[in-house]
Amino acid sequence: MTRLRVLTATLALFTCLTKGTLAQPMGSLDAELSALDAQIEEVEETIAEHDGGLVRALAETRREALMLLHTVVTSRQQAEAGGAVIEIIVPAVVPDRERAQQLLGEMAAQQQRIEDAEHEATSAGGLIQAVALSRVETEKLTLAQLQMAYLQAQYGIAFPVPPDVVNLSSGAGSEDGLGLADEGVDIDDAAGSLAWADPDYPDIDYSLRPFELAHVEGRRISGWWTIEEERAAIDDSPIAIVINYSAYEPGSFSGLTALIAQCREGVTSIVFLQDNYLLSDFRRGTFDITYRIDDEPAKSTRWSELTSSKGAGQFGTEAKDFLRDLYEAERFFIRLTEKNGQRHDALFDLSGIQEPMDTVAAACGWSTLELSLDEYRAIQTMLNVGGFNAGTPDGIWGSGSRDAMRAFQEETGLPITGSPNRATLEALGVRPYDR
């Protein structure tokens, strides 16, 4: 923490949504406060209209962000009015004018997304309207976070109290917004005594908020990972989302730093998510990535940028290969370099990785083992010998092989994935070489 002395100054704020328009920079902080007052009044009305559910939870989080902005502006206004010296203790942040200009563009684009969402909400009905309303609140919350990021980049203003991660499953009336009071959970307990703590990793601090959320929402926890499984609305295909929180920083106001692996509608991905808005190479749509797995030599590559501008990822076959490389690893360092040369580093402790990787692989029907053609032929031969018709053993893992494997897995009581995972191969008696 550093001590910043704020003398009389004018702070021009680009405020969040005000009746469908974005406030313009003004010399008077009175105008900025009036805009914020209007936004707070609007979000209070939204909260009052909903007894619970996703829309209310998002609106409550947006209200916290707006109130925080209001407090910052009020403090600066008081400094102007009285000519006094105000002493504020906040994290030190170096202004970044290039990032600030990019964020202004992001805010304008975000405004358009809000208008599109509002149009969708007003023209729909029933369940579709409910989904559209949640999208409106999500887009407005994103705009509030963009405004905070702009203040940080333009003026070096950091926020001492970050808005909490929104809990999408909690209802109104819980003491802490997590529903933990209803669960009878004492959140002041030591991490090792928490109901959701993984006993295999007693050194991990399971009192961190992401683990509390995972417990309340019914997700599994393995080491530093949370595991969520569901079905895709479009085709009922399995979805698996696993998140590593070992680089989580409670004081990050605009988001979180995490490593995410997932299977969604048959597509595997690995994503590095971090809490800053990034400047990408728009022509290429990628970021330079340097990473190191355990003590292996560092490697350089490029990952695709995320539409949120807050991270990068790999998808499809490249993601599968990368997750196989991580399966036995203990730690993972990654560096993302922006177009302007700014670096974002993170070091992840991969403790507990095997269960989440198995879950993602099973959902997308691939093996965490990198199997050769000969090994696939051996598996097909074993299935045929056991009476499960995998067709001619040719090493090509097609639909016939997947069907035979599913039949074997069902008969032996294993998770039905159609893929030759470690547990299935052990049951078959096939021993692929160690990786």
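Colleague: Where does Gln147 lie?
Modeller: Gln147 sits in helix H4, residues 126-155. Keep in mind that this is a predicted model.

Colleague: What makes Gln147 count as buried?
Modeller: Its relative accessibility is 0%. Buried means under 20%. Gln147 therefore counts as buried.

Colleague: How far apart are the C-alpha atoms of Gln147 and Leu66?
Modeller: They are separated by 9.7 Å, while the two residues are 81 residues apart along the chain.

Colleague: On to the rings. How many aromatic pairs does the structure hold?
Modeller: There are 12 aromatic pairs.

Colleague: Why is the pair of Tyr206 and Phe211 called edge-to-face?
Modeller: The ring centres are 4.9 Å apart, and the planes stand at 65 degrees. Centres within 6.5 Å make a pair, and planes over 60 degrees apart count as edge-to-face. So the pair is edge-to-face. Tyr206 and Phe211 are buried.

Colleague: Why is the pair of Tyr291 and Phe332 called tilted?
Modeller: Here the centres are 6.1 Å apart and the planes are at 45 degrees. Stacked needs under 30 degrees and edge-to-face over 60; the rest are tilted. So this pair is tilted.

Colleague: Why does the pair tie together parts that are 41 residues apart in sequence?
Modeller: Because Tyr291 lies in strand E10 (residues 286-293) and Phe332 in strand E13 (residues 331-337). Both residues are buried. Ring pairs also link Tyr291 and Phe332 into a cluster with Phe272, Trp303, Phe322 and Phe348.

Colleague: Which residues gather in a patch of negative charge on the surface?
Modeller: Asp37, Glu41, Glu45 and Glu49. Asp and Glu count as negative. Glu41 has its place in helix H1, residues 29-49.

Terms used: Residues are numbered from 1 along each chain as its sequence is written. This is a predicted model: local features need pLDDT of at least 70, side-chain atom pairs count only at pLDDT 80 or more; totals for chains, interfaces and linings use all residues. Side-chain values use heavy atoms; hydrogens and water are left out. Patches are made of residues with over 30% relative accessible area and no salt bridge: like charges are joined within 9 Å, nonpolar side chains (Val, Leu, Ile, Met, Phe, Trp, Tyr) within 5 Å. Accessible areas come from the Shrake-Rupley method with a 1.4 Å probe; for residues, only the protein chains shown count as cover. A salt bridge is a side-chain nitrogen of Lys or Arg within 4 Å of a carboxyl oxygen of Asp or Glu. The place of a charge is taken as NZ of Lys, CZ of Arg, CG of Asp or CD of Glu. Helices (H or I, at least four residues) and strands (E, at least two) are DSSP runs, numbered from the N terminus. Rings of Phe, Tyr and Trp (its six-membered ring) pair if their centres lie within 6.5 Å; planes under 30 degrees apart count as stacked, over 60 as edge-to-face and the rest as tilted. Buried means under 20% relative accessible area, exposed over 50%, partly exposed in between (1.4 Å probe, protein chains only).
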